Structure formats: structure tokens, C-alpha cells
Amino acid sequence: MRILLVEDNVTLAKGMITSLKRLGYQIEHCTQGKHALQALSCSEFSLLILDLGLPDGFAISVIKTLRKAGNTIPVLVLTAQDALETKLDAFNSGADDYVVKPVDVLELEARVRVLSRRNTLRRDDVLAVAEVCLDAANMNCAYQGLAVSLPRREFMLLKDFMLHPDRILSRRYLDELCHGWDGETESNALEVHIHSLRKKLHPQLIKTIRGLGYMLNSHYAD
């Protein structure tokens with residue numbers, strides 16, 4: 001999952017980014033609402049974590065602008081403001097969840113997973129395709145009951161492929177998913193990850209997931 005974090009407290013943001021990356025998420029960060037709208041207009045994200053106390057005062061406007069444009073990205077408000085009126089304003093503007101700081105990162109990650117399930121119409125954190133099971137909560141992968149070892153970036157790639165089995169994911173999206181805005185997108189790192197997945201996965205999974213089969217057999221075939 002690729003998350004956009006909008007938080008003006010840089011120290012707090014760095015801590016959240018480090019913790020969430022360890023749990024298998026790709027995080028991009030900006031400090032103003034107008035920058036968040038720019039990022040959302042040109043890149044694809046699975047979730048928006050939004051502080052309300054932004055220096056440009058655009059936080060609630062960000063939610064309203066997204067919803068007015070028909071953007072259904074889940075929005076998790078993370079703020080020190082706990083007044084009922086502020087909460088109602090956020091929810092009425094289109095926020096999906098509201099968390100008051102300080103919050104333990106494990107609770108935050110659990111809320112992120114709940115919003116992800118809701119957005120993809122799933123009941124739990126387990127994805128299953130062609131006898132391959134992916135447990136998003138514990139970052140485990142298994143084929144026919146046997147564990148498959150996947151580094152973090154391979155796990156992230158496979159998770160997105162399994163979430164969108166009928167969709168062709170773009171090279172730019174996959175590069176940003178693996179390495180973020182500051183990643184080395186001109187390198188062959190993505191090819192390395194894809195080839196590694198190819199060696200580990202059962203052929204039936206590659207046939208079943210349209211995007212994965214396309215990436216492996218068309219773009220990155222030996």
C-alpha cells in the first residue's frame with residue numbers, strides 16, 4: 001500500500017514513516033494541503049493520512065476538494081484537535097476515520113488495514129489467489145501451505161498485484177510503490193524484484209493475475 005502522509009511536524013512525520021515502512025508500507029510525505037492535492041493529482045495512492053493543523057490551513061478543503069472531484073481515496077485524519085465540532089466537520093466533509101494524537105503506531109497501522117479492507121471490499125487481511133495466500137497483517141506469504149520468503153519490496157509488489165488481479169499496473173506506479181519519489185527509478189531494481197517473484201511463484205498464479213503475467217511475460221521476459 002502506498003500512503004500519502006500530510007503532516008507539518010517533520011520530527012513526528014519521520015517517526016511515522018520509519019515505523020510504517022517497517023510494517024510494509026511505502027510512505028510519501030508533504031507538509032501542506034496544496035502540495036497534497038498536487039501529489040494526488042499526478043500520483044496514485046491507496047490512503048491519505050491528513051493532519052488538520054497544517055500551516056496553509058487547507059486540511060478540510062483537501063477532503064472537500066477530493067470528494068467533490070469524485071476521488072474516493074480513504075482519508076484518515078490524524079490530529080491533536082479533539083473537539084466534537086472539528087470531528088463532525090471532518091466526517092461531514094468526507095473523512096473515513098479520525099484519530100487523536102498521540103497514537104501508538106500499531107493502532108494507526110490497524111486502522112490503515114481496516115480502511116484498506118473497506119476500500120477493496122475485503123473482510124480480512126488475507127489475500128488468496130491460485131493457492132497463494134498473503135497475510136497483510138503479519139507480512140507472511142504461503143503457497144499450498146508452505147511459507148514463501150519475500151523481502152519487503154517483493155511483498156509490496158505481490159500484494160498490489162493480488163489486490164488488482166485484472167489490472168495492468170504501470171511501470172511508474174510500480175517504481176513509486178517500491179522506491180518512492182526519491183527512489184532510483186532509472187535503475188533495473190524493478191526488474192530484479194519482478195524476476196525474483198517469477199522464480200518463487202507458481203505458474204498458475206502468474207496466469208491468474210493479469211497484471212503480473214503481463215509484467216513477467218511481456219515486459220520482463222528472459
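Biologist: What share of the contacts in the protein with a separation of 6 or more comes from residues 24 or more positions apart?

Modeller: Such residues account for 60% of those contacts, where contact means heavy atoms within 4.5 Å. The model is predicted: local features need pLDDT of at least 70, side-chain atom pairs count only at pLDDT 80 or more, and totals for chains, interfaces and linings use all residues. Residues are numbered from 1 along each chain as its sequence is written, and side-chain values use heavy atoms, without hydrogens or water.

Biologist: How many helices and strands does the protein have?

Modeller: There are ten helices and nine strands.

Biologist: What makes Arg113 count as buried?

Modeller: Buried means under 20% relative accessible area, exposed means over 50%, and partly exposed lies in between (1.4 Å probe, protein chains only). Arg113 has 16% relative accessibility, so Arg113 counts as buried. Arg113 lies in helix α5. Leaving aside neighbours within four places in sequence, Arg113 is in contact with Tyr25, Asp125, Ala136 and Ala137. Across the protein, buried residues make up 46% of the 222 residues.

Biologist: Why is Lys64 called partly exposed?

Modeller: Its relative accessible area is 46%, so Lys64 is partly exposed. Lys64 is found in helix α3, residues 59-68. Lys64 and Gly94 are 30 residues apart in sequence, and their C-alpha atoms are 6.7 Å apart in space.

Biologist: Why are α7 and α8 called roughly perpendicular?

Modeller: Axes are lines fitted to C-alpha atoms, for helices over the stretch in contact, and angles between N-to-C directions run from 0 to 180 degrees. An angle under 35 degrees counts as roughly parallel, over 145 as roughly antiparallel, 65 to 115 as roughly perpendicular, and the rest as oblique. The axes of α7 (residues 171-179) and α8 (residues 189-200) come within 10 Å and cross at roughly 90 degrees, so α7 and α8 are roughly perpendicular to each other. Arg171, Leu174, Asp175, Cys178 and His179 of α7 make the contact with Ala189, Leu190, Glu191 and His193 of α8.

Biologist: What makes α6 and α8 roughly perpendicular?

Modeller: Their axes are 10 Å apart and the helices pack at about 75 degrees; α6 and α8 are therefore roughly perpendicular to each other. Arg153, Glu154, Leu157, Leu158 and Phe161 in α6 meet Leu190, His193, Ile194, Ser196, Leu197 and Lys200 in α8.

Biologist: How many cavities of 30 Å³ or more are counted, and which residues line the largest cavity?

Modeller: The count comes to one. On a 1 Å grid over the protein atoms alone, a cavity is a set of points where a 1.4 Å probe fits but cannot get out, a pocket is an open set with protein on both sides within 12 Å along at least five of seven lines, and lining residues have an atom within 4 Å of a point. The largest cavity has a volume of about 30 Å³. Its lining is Leu23, Gly24, Tyr25, Ala136, Met139, Phe155 and Lys159.

Biologist: Which residues lie nearest the centre of the largest pocket?

Modeller: Of its 19 lining residues, Glu44, Phe45, Ser46, Pro74 and Asn119 do. The volume of the largest pocket is about 320 Å³. The largest share of its lining, three residues, comes from α6.

Terms used:
Helices (H or I, at least four residues) and strands (E, at least two) are DSSP runs, numbered from the N terminus. Grid points are joined across faces, edges and corners, and a volume is the space filled by probe spheres set on the points.
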